[in-house]
Structures are given as C-alpha cells and as structure tokens.
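Hi,

Here is the structure I promised to pass on. My notes on it follow below.

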Amino acid sequence: MNQTIRIIGGKFRGKKLQFPDSEGLRPTPDRVRETLFNWLMHDIREAHCLDAFAGSGALGFEAHSRGAAKVVLLEENPLVFNSLIKVASAFNTPHLTVKKMDALKFLRQSNEQFDIVFLDPPFAKNYLPLCLQTLANSTLLKLGGLLYIESPNEIEVDLKTWEQIKLKHAGQIVYSLYRKLK
C-alpha cells in the first residue's frame, strides 16, 4: 500500500510524493516540517544536507525544494530505498543522491561534509546516542553546522559539543535543533 506526503514549501511546494508502507516508517508531520524549515530558513539555501534515516524522504526532499545545494538521503530497507530512487529520479537533478546504506556506517566512514544533518531514526532502535557520539567525533557535520533530531522524548546531549537552538513537542515526538560547537 502506497502512502503520500506533500512538499510544503519552496520550488516544489504541493508536489506529492509516494512512499511504501513499511514497519517503523513514520514521515515527519507537515506541521513539524513547517516549523523545522522556518527554523532553517536562513541556513537551508545552498546548504549540503544529509537525511541520515530517510524513510519517506520528507526531510531531504523538503530541503531540496527549499534550495539546498546538495541532499544525500540514506536508506537501507530495499523497498523504501527503491521508492526513494524513483521519487528522486522524478526531480531529474544531480543535487539529490540516494544511497542504500546503513546510516551509522555512513556516519562513521564518510569523508563528506555537511552543513545540516537530519536525524530521525526508527524510535525502537535507540540509534540517537551512538549517532550523536559519532557526529561529535567526526568532521561529517561542519563546525557551526546544524543537527535536527526527532525522538520520542527529550535526549541529553553534551553541551560542550552541542548548543540547543530550538526544542518543541508535537504529539508523541520531540524535535530539536542543535549547533555543533566543536
């Protein structure tokens, strides 16, 4: 069964994107995405963005629509990956890249650098502490870069590494934005 999200702002505003029904896949709600991209409005244009647990691709495709110079979407589930490839190819742009890869492996091994990283992993897997530690100890997210986190509850971060910029609750999720300090 296919499900649909829509891009809520930017060049492709209103464009509908299909994604498959897959266990643990929950697209970031429209209201949350709208708030997030309002937070990012001065940072998203020409940014290099990583959507580490892409799922439906809602965050990555929204970033592309709003002017990001480069967006990399990571997904290891074959069904969901194939759906992301299909959606990305419809944009017909070299600015979108979809990789079939474990996000933690990518965070550990990639030599790429990003201005913004979106972390919205499956809640049941508790990936966030390891992702935060990996990002803190690498140059994948540039100094001064922004980290978006979506989680089922507030998480503790190392305040020497991460400056909290925003934090909000929406239903069963907590979403927050941090700046990398070191």
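A pocket here is an open set of points on a 1 Å grid where a 1.4 Å probe fits, with protein on both sides within 12 Å along at least five of seven lines; lining residues have an atom within 4 Å of a point.

Bear in mind that this is a predicted model: local features need pLDDT of at least 70 and side-chain atom pairs pLDDT 80 or more, while totals for chains, interfaces and linings use all residues. Numbering runs from 1 along each chain as its sequence is written, and side-chain values use heavy atoms, without hydrogens and water.

Back to the largest pocket: its volume is about 570 Å³, counted as the space filled by probe spheres set on the points, which are joined across faces, edges and corners. Of its 30 lining residues, Glu23, Gly24, Leu25, Glu75 and Pro122 are the closest to the centre.

The second largest pocket comes to about 180 Å³. Its lining has 13 residues, with Lys11, Phe12, His64, Gly67 and Ala68 nearest the centre; by class, that is four nonpolar, five polar and four charged.

Then there's Arg13. It counts as exposed because its relative accessibility is 64% (exposed is over 50%, buried under 20%, partly exposed in between; 1.4 Å probe, protein chains only).

Cheers

Note on methods
Nonpolar A, V, L, I, M, F, W, Y, C, P; charged D, E, K, R; others polar.
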